[in-house]
Amino acid sequence: MRNQVREQRTQRGLSQAEVAAALGVSRQTVISIENGRYLPSLPLAFRIARFFGMPVEKMFGPDGEGAGR
Amino acid sequence: MMSFIRPRWRKPAWIVLAGTVFAAAWVIRGGPYWWLWVSLVAIVAAGRAFALYMWAGEDDDVGALAGSRADERQKLLSLRSRALAFNVTALAAFAGLTVAVAIRAGWWWPFAVILGVTGLGYLLGLAACSIAEEGPADDASTEHQTPFPISS
């Protein structure tokens, strides 16, 4: 799975710690999601998408399709 | 049950509780050096509780688990770690049981108990976690049912 978390976060000038605090998860989990090492649960995926004001299918997508492209 | 205790204190509190129960067992057992064993248990439990408390202050996955503030990924990490511990325990018990039986040792039964408990625990987990998932399929109607394609 690909995701737009890092791109969206850096576009908004937010730190990983700030995003983690807003989402109620640890900084390590944000790092893991950004690096694609951890696939968030559906509720967390929706929280992430809502936080960045994007549809969840734009935020996350299969490798071949490329999320947000 | 432990929600009235601050998250960082929860795991140390469990250690202190377990240490107290174990120390009580030594008191009940009695004997000439019971106080020595109670002191040893108290020192180990206090040390472990202190280490967990300090660990809980770290900004990493282990710190989050020690401080009872783990998020979904960290809980999954803990769950996988427990599953691995379960597998290792079951394998070690099986190996111990096999060796004990092979050499006709009298200490085979603790391994059998551990193996039995891990097996029962697994079945208990399956039962507890899958009951809510059971249910009739909502596409059980036979009118529109088409056979699954079988590829050979």
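Reader: Before we start, what makes a residue buried here?
Author: A residue is buried if 20 or more other C-beta atoms lie within 10 Å of its own, exposed if 12 or fewer, and partly exposed in between, with C-beta atoms placed from the backbone. This is a predicted model, in which local features need pLDDT of at least 70 and side-chain atom pairs count only at pLDDT 80 or more, while totals for chains, interfaces and linings use all residues. Residues are numbered from 1 along each chain as its sequence is written, and chains are lettered from A and ligands numbered from 1 in the order in which they are written.

Reader: OK, how much of chain B is buried?
Author: Of the 152 residues in chain B, 14% are buried.

Reader: And how many helices and strands does chain B have?
Author: Chain B has 5 helices and 0 strands, where helices (H or I, at least four residues) and strands (E, at least two) are DSSP runs numbered from the N terminus.

Reader: Which residues of α4(B) are buried?
Author: Arg73(B), Gln74(B), Leu77(B), Ala93(B) and Leu97(B) are buried in that helix.

Reader: What do they pack against?
Author: The buried residues of α4(B) pack against α3 (27-34) of chain A, and also against α3 (61-66) and α5 (109-130) of chain B; contact is counted when two C-beta atoms, placed from the backbone, lie within 7 Å.

Reader: Switching to Val27(B), is it buried or exposed?
Author: Val27(B) counts as exposed, because it has 12 C-beta neighbours inside 10 Å.

Reader: Which residues does Val27(B) touch?
Author: Leaving aside residues up to four places away in sequence, Val27(B) touches Trp34(B) and Val38(B).
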